[in-house]
Amino acid sequence: MKKLMAMADAVNSLKSLNLANKLTILRILLTPLFVIALITDGIPHNLLVALIIFAAASITDFFDGYIARTRMMVTKLGKFLDPIADKILVMSALVCFAGMQPRPWISAWTVVVILARDFVVSAVRLAAVESEEKIVIPARTSGKVKTVITMVTICTILFLWILESYGIITYEVEFAMTVINSPDRLLVPIGNAFMYICVALTVFSGVQYLWDARDILRKVSENS
């Protein structure tokens, strides 16, 4: 009975959310479906299914912000939840890419840098919320640009591996007097090249975020 009541309360809470926040919640709910499709070879055309799910989830990131601004639906919950939903979706994809077998699609260190930045920024936002001023720090423009570029990178990497899985990319090309006949020797460097751009944007936005939040951090440290 208690479980049913808890489920009913959760449903009622979800119904009370505005459309923008519902789209943010949808992005979080789509993440495990994306991961399942990505890592489950038994699902027919699993990589294509994963790309479709990820693209759909990424599109909600645009629409929830657009709807919130144009329909005056900006809320503290939305400001706090939106970047968290982005991080859950993006980091799930990158962690899976780095753990792909028999060969990772991208270098693990790039994922570590992005993950570390997101942990630091999330910690700062949590400290601000729990301060006496109860400040909710919204996502910055640089952070949103970083997220968009990373989402595009994920879609690009996934699309290239889809082409490989269908035999469209055959690697029988001659480059610098060497025949490339392995996807690892072509797609992994391409994926890492995109990831280096994402890492640079991640570090820049993280430094900017901490600099802009320095006054908040000072107040939190003084009150702690």
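Student: Are Asp118 and Arg117 buried or exposed?

Tutor: Buried means under 20% relative accessible area, exposed means over 50%, and partly exposed lies in between (1.4 Å probe, protein chains only). Asp118 is buried, and Arg117 is buried too. This is a predicted model in which local features need pLDDT of at least 70 and side-chain atom pairs count only at pLDDT 80 or more, while totals for chains, interfaces and linings use all residues. Residues are numbered from 1 along each chain as its sequence is written, and side-chain values use heavy atoms, with hydrogens and water left out.

Student: In what do the side chains of Asp118 and Arg117 meet?

Tutor: A salt bridge is a side-chain nitrogen of Lys or Arg within 4 Å of a carboxyl oxygen of Asp or Glu. Asp118 and Arg117 meet in one, at 2.9 Å from N to O.

Student: How many salt bridges does a search of the whole structure find?

Tutor: The search finds 8. One of them joins Arg27 to Asp86, with the closest N and O atoms 3.0 Å apart. Arg27 lies in helix α2 and Asp86 in helix α4, 59 residues apart, so the pair links distant parts of the chain. Helices here are DSSP runs of H or I with at least four residues, strands are runs of E with at least two, and both are numbered from the N terminus.

Student: Why does Arg27 count as buried?

Tutor: Arg27 counts as buried because its relative accessibility is 0%. Asp86 is buried as well, with a relative accessible area of 4%.

Student: Which residue forms a salt bridge with Asp61?

Tutor: Lys144 does, and the closest N and O atoms are 3.1 Å apart. This pair also links distant parts of the chain: Asp61 is in helix α3 and Lys144 in helix α6, 83 residues apart. Asp61 is buried at 7%, whereas Lys144 is partly exposed at 23%. Salt bridges with shared partners join Arg27, Asp61, Asp82, Asp86 and Lys144 into one network.

Student: How many residues does the largest nonpolar core have?

Tutor: A nonpolar core is a set of buried Ala, Val, Leu, Ile, Met, Phe, Trp, Tyr and Cys residues joined through side-chain atoms within 4.5 Å. The largest one here has 36 residues, and those with the most contacts inside it include Phe34, Leu38 and Trp105. Elements giving two or more residues to this core include α2 (19-39) and α7 (187-212). The largest share, 8 residues, comes from α4.

Student: Which residues does Leu38 touch?

Tutor: Contact means heavy atoms within 4.5 Å. Not counting residues up to four places away in sequence, Leu38 touches Asn46, Leu47, Ala50, Cys96, Phe97, Met100, Trp105 and Leu158.
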